[in-house]
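Here is a short briefing to read beside the model. Please keep the sequence and the 3D view open as you go through the points.

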Amino acid sequence: MTEQVKKLAPEILKIIQRAKRILLHLHPNPDPDSVGSALAMAYVLRGLGKDATVLGGDSPLPVFLSHLPGFDIIQPKNWSEIDPADFDLFLILDAASLGQISRRGAVIFPSSLQTIVIDHHVSNEKFAKINLVAPEYPATAQILYELFREWKIQFTHDIALCLFIGLWGDTGSFKYPEVKSSTFRAAADLVEQAPDFSTAVFVIENNRTPEDFIFQALAFNSLQ
């Protein structure tokens, strides 16, 4: 755990504890880290007695992740279809810029809305009131894993599986350079609680649509 995560963990928890209605979202073209992180956080927030809303965002909901626990709570709405003043807190996960919240219009936060970014992208523009940006981590899911441990959260099967899929997805199945021993320790801890992780991975890897193959063919056709 980095010093930044350790320092901001109690501050973020205090803000969550004061909030009642909390907003989460998926970034455009959501990947396993975006979906898994948002759903894991939603489970944690609801366990703390909070009203947690997950916006699907600009893109269609990713069918290849529809087997994840809690997927049915994602609301197929984007930023322009809600009133952000209805919320006390916006936890902005895995988003490096306002464009990763929505690209369909201006994203303006009302003054009453507390905003917290939790992200691992080095390109993050730190546009929230509090910014936990940790590019040392290969996935937002691993940052959340360490935050939840600091908060003494009881890892249920559903929280663990969502975090594991986020971690697995953003590390390219644990093969990218940012993967460290701490990543494997987190993964090992998570699969203790979610021993069916391999089934979830199998479904993702074998749930491709014809459109996926067409897109891949177009990409290969442009290679030089």
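Asp-58 is buried, at a relative accessible area of 11%, where buried means under 20% relative accessible area, exposed over 50%, and partly exposed in between, with a 1.4 Å probe and protein chains only. Its salt-bridge partner is Arg-104, with the closest N and O atoms 3.9 Å apart. This is a predicted model, so local features need pLDDT of at least 70 and side-chain atom pairs count only at pLDDT 80 or more, while totals for chains, interfaces and linings use all residues. Residues are numbered from 1 along each chain as its sequence is written, and side-chain values use heavy atoms, leaving out hydrogens and water.

**Salt bridges**

- A salt bridge here is a side-chain nitrogen of Lys or Arg within 4 Å of a carboxyl oxygen of Asp or Glu, and the count comes to three.
- Arg-104 forms a salt bridge with Asp-58; Arg-104 lies in the loop between strand 4 and strand 5 and Asp-58 in the loop between strand 2 and strand 3, so the pair ties together parts 46 residues apart in sequence.
- Arg-104 is exposed, with a relative accessible area of 55%.
- Asp-51 and Arg-21 form a salt bridge, their closest N and O atoms being 3.4 Å apart; because Asp-51 lies in strand 2 and Arg-21 in strand 1, the pair ties together parts 30 residues apart in sequence.
- Asp-51 is partly exposed at 37% relative accessible area, and Arg-21 is partly exposed at 33%.
- Glu-150 and Lys-6 meet through their side chains at 3.8 Å, N to O; this pair links distant parts of the chain, with Glu-150 in helix 3 (residues 140-150) and Lys-6 in helix 1, 144 residues apart.
- Glu-150 is partly exposed at 31% relative accessibility, as is Lys-6 at 44%.

**The sheet**

- Helices (H or I, at least four residues) and strands (E, at least two) are DSSP runs numbered from the N terminus.
- Six strands form an open sheet in the order 3-2-1-4-5-6 with parallel pairing, two strands being paired if DSSP finds at least two bridges between them.
- Strand 3 (74-75) and strand 6 (130-133) stand at the edges with a single partner strand each, so one side of each has no neighbour in the sheet.
- Strand 1 (residues 21-25) runs parallel to strand 4 (residues 89-93), joined by two bridges, and Leu-23 stands opposite Phe-90 in strand 4.

**Helices across the sheet**

- Helix 1 (residues 3-18) lies across strands 1, 4, 5 and 6, running at about 140 degrees to strand 6.

Note on methods
Contact = heavy atoms within 4.5 Å. Axes fitted to C-alpha atoms, helices over the stretch in contact; angles between N-to-C directions.
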